Amino acid sequence: MIAEVLLVLAGHTSSLFPTDHTLHPAFRPLLHPGEEQCLEALGHIASRYRNIKKACATLSRSKSRYVCALCATLNQILKDEYEKLVVDTEAKVLKRDPDLVANGSFVPLSAVRATFAEWDSPLTALETLMNQLQAQKHWQPGPLIDMLLARSKTGVYRIADIISRLSVAVQRVWRSQLSAFLVHGSLTSSDPLASEDFTLLDGTMPSCVSPQTKESIVYVGRAIATIKAKKWQNQLPREQALEYANLLETVLPQDQYKFDLVISQIRTNASEWLWLNVLTRKDVEDAVISLASYFLLRNGEFNLALIREIERLKISRLTTRSGAASVIREQDLNLALLRASLGTTAQHDPSLLHLHFELPSGPLRPLLPSLANSKALSSSVASNSPEVTSFDDLILGTNLILSYNVTWPLDLFLHPSDLQIYAALFNYLSSLRKTHTQIHTCWTSLSNAQRARRRWTGLGEGGTVEDLEARRELLRCGWGVVRDMGWFLDTFLGYVMIDVVDVEFRRLKDLLGNPSRGRAESVGKHPTSQNIASQANADPSTYLDFTTLRNIHTTYLERLLTGCLLSNPALTAILRPIFEVCERFVAQVERWGGDVLPALLFEGSLAPGGDDKVGAMVQERFQVVSEINGSLHKLLNLFYEQLSLSTSQQSFTATGDTSKSILMNASMANGTTLQRTSIRGKGFKGFEGEGEVRRHVERLLLRLDFNGAFSKPRAGGSEQIQGEGGIGIL
């Protein structure tokens, strides 16, 4: 009977247990209740073992290499430990071992039961594991590793040890796939980690892998794969690839800290090699100059031509009667880009082909400038709303995004989050430049009307004395408004373009041309012998490592955002209403025919029958201009007050919050939200520029209050404009 029991424990069928672990009824009268209980307990163990072996045989035919590795490891564990225990027990019985055989002739069932009792819990846990694996048709490596790691966290040591070994086996197979992707840039046809465009597939990464590590895996794998696919003349050295493979062999993803450290080290070394061999300094400098020329408006003639082309496009669509032809599409805007380049320095610039406009809301019909009353502007600004102010719709009337096609290998240097910040800066600066141009055009229109009036009519021909005085006040008030608008926009545009954009761009060029070699050591770089040899041949004064390059460009964008005041939501919430008030005034003057004064013979310009002293049209225009004047000065005072407070309240070190607020602007246009983190170190001496950025704002304060216009008490309303009207227009 003992031989029969041992055969059952080894996985064979027997008449003792016709079904599962239930003892045959014919044997029950022959057994003591204790013996019957021991046999049923041993039958339970044998039944679980057979179920596990059967499940392993089924799952071993799975297409998933990870499930096959798990089954192979489990079979090996059972063979080395459980099946060996069955053989050793049989050997003890045959050798009449006194620990198992009583009096050299009798083997108690309780002794056999005690020998196999240690496998009760492990086989139960393994049977549950097999049932869970069979319940799902296909297992991705990420959820499979997560499930095994979760099951290994138990208080039963033997269960934890077996499940941990199964988890390690699956992780090793996953690590081999990761090594092929990271070191060789290759993806398998079955169970690949990433898609053809090198995007990680769902379920391919266990949850113990951090998001930063996932991004580094994609970065390195895509770079190596692209270099091989394009058959680049400089391929990753074999010694360096072997070093990466050896580093990966020392860690598993379950050890999150060490795994993240190794992946970070591989990324740093790969980045340095890419910078020295693939992405050259000339590529970076050309890209930086191109982005500054078109996104930061350093190519002024092209930007002005583009603003005129977009305005001409809106007017042409407004005057078109056909429904289909009156819609503005993305291709119309891209054609406007090419037309704007004609006759400018951008005409023969190859980087212009990388630019294109996007309309997130789709094609649209152009809209006329709004003439609506903006009395709620100041109240909305004073409410300190936490919402981020967007300038994406001020150029065209709807969300408009200028995109830049980044090709290999520049995509190693420029991330989508960087391009979104460039797009936000373009919309902001273009809105300022467009408003500034409109005010200058309005000034020209008023000047032409004034010269014609002086030559042909003057102000004293016809009308009552009261009407003549009202016309004089209206004219002075209109000139005062356009003068204040022009002065503020001139001052602010000069500050942004000269004190911020030009200064920061020159600083970036200086850092790219004269980097410090010690920067690379501050980021924990571990150069290989290949990199060291390459660096030894390079000029120490011009060597720039890849990590420092990213830090320099990140800080460059952050300083631009802070210097342009885009990092301060309270100031941007005031600037947009100022632009809208200026646009409204320009639209009113255009509607009035280019002059604030109505002609003397216009209907309503003179009092009918002499009953009224002032014409109705003069009164209406004076009311509109006075209201715009009041709104403008209230907004300008609010802007100066908030700007003064910002110098003492705001930290001028732009960090992740600044980038996040700008990316929120971009996400309002494209429907996506990206999180961008700063990678520069706080102890990086070359990036300590908080004092310089603060001085930028102090220069703006000095320009705005050069004659004490804001710091001194001033008269309000139209009296102030009339009192300052020393322009000699009468």
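Which residues do ring pairs link into a cluster with Phe 295? I looked this up first in the predicted model. The cluster holds Phe 295, Phe 357, Tyr 404, Tyr 422 and Phe 426.

**Aromatic pairs**

I counted ring pairs across the model and got 17 aromatic pairs. I then took up Phe 295 with Phe 426, an edge-to-face pair. The centres are 6.3 Å apart, and the planes make an angle of 75 degrees. I call this pair edge-to-face because its angle is over 60 degrees. Next I checked where the two rings sit. Phe 295 is in the loop between helix H11 (281–294) and helix H12 (300–318). Phe 426 is in helix H15 (residues 416–456).

**Charges over rings**

I looked for charged ends above aromatic faces and noted two cases. The charged end of Arg 158 sits over the ring of Trp 119, 4.6 Å from the ring centre. Arg 267 lies over the face of Tyr 219, and here the distance to the ring centre is 4.1 Å.

**Nonpolar cores**

The largest core has 104 residues. Phe 492 and Phe 639 have the most contacts inside it. Helix H16 (residues 465–513) gives the largest share of this core, 21 residues.

What does Phe 492 touch, beyond residues up to four places away in sequence? I listed Tyr 428, Leu 432, Leu 565, Leu 575, Phe 639 and Leu 700.

**Cys 68**

Last, I checked a cysteine. Cys 68 lies in helix H3 (residues 65–94). Its relative accessible area is 23%, so Cys 68 is partly exposed. Leaving aside neighbours within four places in sequence, Cys 68 is in contact with Leu 59, Ser 60 and Ser 62.

How far apart are Cys 68 and Cys 56 in space? I read 8.6 Å, C-alpha to C-alpha. In sequence, Cys 68 and Cys 56 are twelve residues apart.

Key: Residues numbered from 1 in each chain as written. Predicted model: local features only at pLDDT ≥ 70, side-chain atom pairs only at ≥ 80, totals over all residues. Heavy atoms only, no water. Core = buried A, V, L, I, M, F, W, Y, C linked by side-chain atoms within 4.5 Å. Buried < 20%, exposed > 50% of the residue type's maximum accessible area, 1.4 Å probe, protein only. Helix = DSSP H or I, 4+ residues; strand = E, 2+ residues; numbered from the N terminus. Contact = heavy atoms within 4.5 Å. Phe/Tyr/Trp six-rings, centres within 6.5 Å; stacked < 30°, edge-to-face > 60°. Lys NZ or Arg CZ within 6 Å of the ring centre and 35° of its normal.
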